[in-house]
2 protein chains.
Amino acid sequence: MFLNLVIVVSVICSLIAIIYAIAKNNWIKRMPVGNEEIMRISGYISDGAQAFLKREYIVLIPFTIIVALFLAVGNTGTLRLQSISFLVGAFASALTGYFGMQTATKANSRTAWAALEGLNPALKVAFTGGSVMGMMVVGLALLGISAIIGLFSFIFGSSFTDLNGTIFPLLTGFGLGASSIALFARVGGGIFTKAADVGADLVGKVEVGIPEDDPRNPAVIADNVGDNVGDVAGMGADLFESYVGVIIGCIILGANMAVPDEMRIRFALLPILLAGFGILASIIGTFFVKAKEGSSPQKALNKGSFIASILSALFIYPIVNIVLGGYVVEGGFGAIEISLSAVIGLVSGTLIGLITEYYTGTDWKPVKEIEKACITGPATTIISGIGVGMLSTFFPILTISGALIGSFLLAGFYGIGIAALGMLLTLGIQLSVDAYGPIADNAGGLAVMSAMKSSVRKVTDQLDAVGNTTAAIGKGFAIGSAALTAIILISAFTQSVGIEEGTLSVTNALVMTGLFLGGTIPFLFSALSMQAIGVSASAMIEEVRRQFREKPGILNNTEVPNYRACVDISTQTALKKMIFPGVIAIISPILIGFTFGIEMLVGFLVGATLSGVLLAIFMANAGGAWDNAKKRIEASEVGKATDMHKAAVVGDTVGDPFKDTAGPSLNTLIKLMAIIALVIAPMLKTFWG
Amino acid sequence: MFLNLVIVVSVICSLIAIIYAIAKNNWIKRMPVGNEEIMRISGYISDGAQAFLKREYIVLIPFTIIVALFLAVGNTGTLRLQSISFLVGAFASALTGYFGMQTATKANSRTAWAALEGLNPALKVAFTGGSVMGMMVVGLALLGISAIIGLFSFIFGSSFTDLNGTIFPLLTGFGLGASSIALFARVGGGIFTKAADVGADLVGKVEVGIPEDDPRNPAVIADNVGDNVGDVAGMGADLFESYVGVIIGCIILGANMAVPDEMRIRFALLPILLAGFGILASIIGTFFVKAKEGSSPQKALNKGSFIASILSALFIYPIVNIVLGGYVVEGGFGAIEISLSAVIGLVSGTLIGLITEYYTGTDWKPVKEIEKACITGPATTIISGIGVGMLSTFFPILTISGALIGSFLLAGFYGIGIAALGMLLTLGIQLSVDAYGPIADNAGGLAVMSAMKSSVRKVTDQLDAVGNTTAAIGKGFAIGSAALTAIILISAFTQSVGIEEGTLSVTNALVMTGLFLGGTIPFLFSALSMQAIGVSASAMIEEVRRQFREKPGILNNTEVPNYRACVDISTQTALKKMIFPGVIAIISPILIGFTFGIEMLVGFLVGATLSGVLLAIFMANAGGAWDNAKKRIEASEVGKATDMHKAAVVGDTVGDPFKDTAGPSLNTLIKLMAIIALVIAPMLKTFWG
């Protein structure tokens, strides 16, 4: 009865989000597109992005089939159906990426056109474009989870034994599907976008001396395509994974609590209900994103997010209280403690975002220090940026540790799970804001490329400047939630595999070995993606140089560059180079689990999470800080075309793969490895007896 | 009876090493010094280095007094004597650093002079100079340990209860003294040397265009002083700490084994005996270091190390067998398994060295890839080097993990301790080879500065080229042994504080929070030392520029540069900037232990070890690889003064603080924090009841 109610409510909430996304998508389509020049260029971008995603998905089909077969063969009994839920999860993740990306490539041209009318119309189009992605992600994720629980409980029964023995393990298959696609989307998209970006910048800006987004640059379309497949589709898949992972992790922690079965069901289903209401709060928040002419778009976006957060914070306690009906767990926590855990998550997510903003924002000391280091050349620029990046790990880790220990003291491991969920409660609107960034960026690019009047560029610049801050905060959220999600998935793994806590001591040699081996994986993974950028950027540099050499008419606009050739280079290298890191991520936990056992696997996962989170913060913030140090110099009187600016460009170029490829991929890496362990938990249990 | 025998044997072995060092020091002094020009310049270097070390030690006096007071007040009963053993440890460490550095600054000029006679005489002087440092370190370390045990057991009695309850805890004070000095020596020396190096290179080589080691460069003396205080005194203190730490860790693990008290004493004292015979093997090895004219000096050095290793491997089993007398621990390990553990350590240390050589050596793929990346400029150079550094963590970690799990399976935690000891068994000769490097480097510098004939420079270049490889291998050893030492110290801590293994699960929220907090410390620490280099290098750059501007006669040799001003800048910033990172390292484990408890502290130490080892390998190898990529370009036909070379110089400059400041400091950091925990173990036990 309670189960049915939860399913119905959450299906309704998720359908509202999906309908919202579809309606907004149609609204975008109906907006005027502008002149033919914009249409033509934005058509190139849209075609390139679609072509890449299609080819990426085609490459992933054999992989998904192999994994599905592994799940069908490796499991026994009803657990074989994990292969089905895995495919559904993979499909849902791919669908959100594709849908969000398609809307984004439509919204960019319309934002540029709307900018003719002023700031607010342009902001509205760009944010609406982002919100399609945001709502689609949370809607499809929650729909998938509730549909799987609803459908399978209808087939197999809805007693606690059915739920815990059959249905929840099937749910982990859904999570694995989402995670696998996310990893490849992040790595592939990240390599694509940075190969194009580095190639476009180093030849176009530095060697030839034409401005950013100049249509004479052969790599300019590839660069803009990259924004869409990397920052929109990649980020969407990443947070789809986080959202699914955190809900599933919470469900399993709830189902394993030391309470009567009847209450276990309630603890397990509570996260679904909270997520559903979080979606509603996010949707309400979007209606408040309106900028007045002359005021900052940042304020408008903040207002929406803030209202969504307040609404969420308000409904948490009533819902928890209704679900638990005053029940208090032995040891002494109930509705109040659980609600506080959620609030801790909500607050600490924002805190990490603000810390990120401090270390990467243009107005603060760290970026100014890097700017100063640019005076003495590229070497001191790099040293200073690496210093800032490393230093910037401290306070986010302190916040994560505080959230971890605080929510644990309140409500045990379930509390940690709820805190992680709290961090993602308003994901719908957070992701809308995140996806708004690349749309505004692309709109600016289109304005330059189609030679629109300067007032348009002024508006899009205003929108874009905000986009950098939102991107920084979004990355902070992504890292914080990834850390907590990985932790609760690991904890859910130890509970579902039924290992005793006492055997998992850090001083156990097996666990310790696992910690070291796991710790090295994020380094290995980052190295591989950095090297992929190196190879693909070199190919891109040579291609762009070749075009300028062989078609001298490009520079005086008498010849059209071959954009497609550059898009093809990014596409091919991205698809080729994403395989090996992906396979490492998938194979290594399986290998360790089946050859060295569960103890080493737990150590392995914890080690990977630890070093992954540290590296991810380091790389994201160093990259963001270099980027903004360069922007400061470009905006200052010293200006471009000085040695100081050249040093800053070197910093920014090094930072690009840091912040947009290796860094974000680590988020998906640590979650994926943890969820793989969770999926193979039943097999490991059988295997090791 | 057995105790007395062990003390006598180990005192004899260590006295042999010390007498060897003193004799060789006198031999060096008797060697001809050469012409007046060399004497004058080498006098500058020697004076600068002595002045720095003296001022460094003076700065550390208040610190050592505070710590000694803390130990005297915080402890109760006989444990108050920890303050005495702490002071002895600190003094012994400072003494080795000073003595080794003084010999090195004498040996450099004599090596340059001996190079007039050919390769073998020069190699002999340089290696003998290094061996003074090597033997002094192992001799004083073992003498300190055996004297403390001997003296206090004479006073307090030599029953197992006396040893385990009073004397071994007093021994940890000795370790703490060694560790504290090591940390400051590493950080201070590292900042000194790199501030001078970066300043000398960026102005002298890049801006003014004069060659390396040109006496017209005002920072050239500071640069050479830096080699001595950083690479000789810093490294000596570092490995003195490792050696002391590993022996003490093994003693405590042996004393806590689940065997009768009589056997516990034997297990506890076995490491001292093994170390003593390792010293003898090292000394024998040094007699085989002889190069024939025309053959590679590498071969001569390898021969000495190899013979020492073989001798050590041969004597291990007989000694273990005599000490244990056929005893087999319940669970089934005895002399064979323990001996094999030592061999595992010996082999895996060499393996890590060889892996390091692969990633940083001029003849292998990684460095060639960085060289290729230099073609497309500094940005790709940096990306490629960071990629190589990150990738290079994998196999060393695999080796450390293999050693860890292999020795554990053979002989439990005691086995891990013995493996760590095995890695350092031939430290006497390893360190001789390490310290040889900077002597050869300095000799080359002196040859250039005093305008000796080109045949001399050819000989010193040959010696120096080998020095780079030996430095890489030495760094591999230093990191590997630091990792294992930290692990056994942590394990010794959990045993002496008497916490149950079961409460230390990685999934315990307290432990996990500790892991995260600990993991961030190496990042914080590296950031601080990188920033210190940034600040001090800027000051140095401005000073060198000022001198060239205000004394235009420097460049045509009509004015003498003010070397002392540059030495002063390095000295002052190094002394100022080493304090804060040092204090963090010392305070943080105490803070966590007394506020959040033992569980979080254990997590903290493990987290710091994990991320510290990973970062240390990453930074050391990235730095080494950039250095050699630059060397390849300088040796190639493309040569200097191209854009490619400029890109390589940027890489090398970024790599300098990586490999010579932040990276090596991390080794001492993780050992120091672990030994602090061990020292405060009795206080924590009392405090938490």
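Tutor: Side chains of opposite charge can pair when their charged atoms come close. A salt bridge is counted when a side-chain nitrogen of Lys or Arg lies within 4 Å of a carboxyl oxygen of Asp or Glu. Here, K659(A) and D656(A) form such a bridge, at 2.9 Å from N to O. This is a predicted model, in which local features need pLDDT of at least 70, side-chain atom pairs count only at pLDDT 80 or more, and totals for chains, interfaces and linings use all residues. Residues are numbered from 1 along each chain as its sequence is written, chains are lettered from A and ligands numbered from 1 in the order in which they are written, and side-chain values use heavy atoms, with hydrogens and water left out.

Student: Where do K659(A) and D656(A) lie relative to each other in helix α19 of chain A?

Tutor: Helices are DSSP runs (H or I, at least four residues), numbered from the N terminus. The two residues are three apart in α19 (residues 643-687) of chain A, and so are separated by about one helical turn.

Student: Is K659(A) buried or exposed?

Tutor: Buried means under 20% relative accessible area, exposed over 50%, and partly exposed in between (1.4 Å probe, protein chains only). K659(A) is buried at 9%, and D656(A) is buried at 3%.

Student: Which residues are linked with them in a network of salt bridges?

Tutor: The network joins K194(A), D197(A), D627(A), K631(A), D656(A), K659(A) and D660(A).

Student: Which salt bridge does E369(B) form in chain B?

Tutor: E369(B) pairs with K365(B) at 3.9 Å, N to O. Both belong to helix α10 (residues 365-373) of chain B, four residues apart. E369(B) is partly exposed at 33%, whereas K365(B) is exposed at 55%.

Student: How many salt bridges are there over all chains, and how many between chain B and chain A?

Tutor: The count over all chains is 40, while between chain B and chain A it is zero.
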